[in-house]
Amino acid sequence: MWLIVGLIVGALFMGLFWLMKRNNFSLKWYEWLIGIAGLVLLLLTIQNYFGSIDEFETKAAGMFLLVLGLPALILLALSWQMVARRVKKA
């Protein structure tokens, strides 16, 4: 599973770099920081969710989705909106 997740994350980063080069824009350091923090939280959530499901701890899996999954999605959306608004303004 982690091989496929790694390939997907690598493809997403490659697509991001290609898009940045094609459209001639860059990301600020804090946009990178927020985006990477959101991605790390999302990967941690996925790992712990499937780990809890394997141990038949469904309540723990659901709570982990709520406790770390929701902030991960919020950070990723925040990073995306910051970039989109700055590029739109320019």
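I call a residue buried under 20% relative accessible area, exposed over 50% and partly exposed in between, with a 1.4 Å probe and protein chains only. By that rule Phe 56 is exposed, because its relative accessibility is 74%.

A note on what I am reading: this is a predicted model, where local features need pLDDT of at least 70, side-chain atom pairs count only at pLDDT 80 or more, and totals for chains, interfaces and linings use all residues. Residues are numbered from 1 along each chain as its sequence is written, and side-chain values use heavy atoms, leaving out hydrogens and water.

**Loops.** I found Phe 56 in the loop between α2 and α3; helices here are DSSP runs (H or I, at least four residues), numbered from the N terminus. Phi of Phe 56 is near 60°, a positive value in a residue other than glycine. Next I looked up Asn 24, which is found in the loop between α1 and α2. Its phi is near 55°, also positive, and Asn 24 counts as exposed at 70% relative accessibility.

**Helix pairs.** I then checked how α2 (residues 29–54) and α3 (residues 58–89) meet: their axes come within 8 Å and cross at roughly 160°. That makes α2 roughly antiparallel to α3, a word I use for angles over 145 degrees. These angles run from 0 to 180 degrees between N-to-C directions, with axes fitted to C-alpha atoms over the stretch in contact. For α1 and α2 I noted an angle of about 160° and axes 12 Å apart, so α1 and α2 are roughly antiparallel too.

**Leu 7.** Finally, I placed Leu 7 in helix α1 (residues 2–23). Leu 7 counts as exposed, at 57% relative accessibility.

Conventions. Helix = DSSP H or I, 4+ residues; strand = E, 2+ residues; numbered from the N terminus. Parallel < 35°, antiparallel > 145°, perpendicular 65-115°, else oblique.
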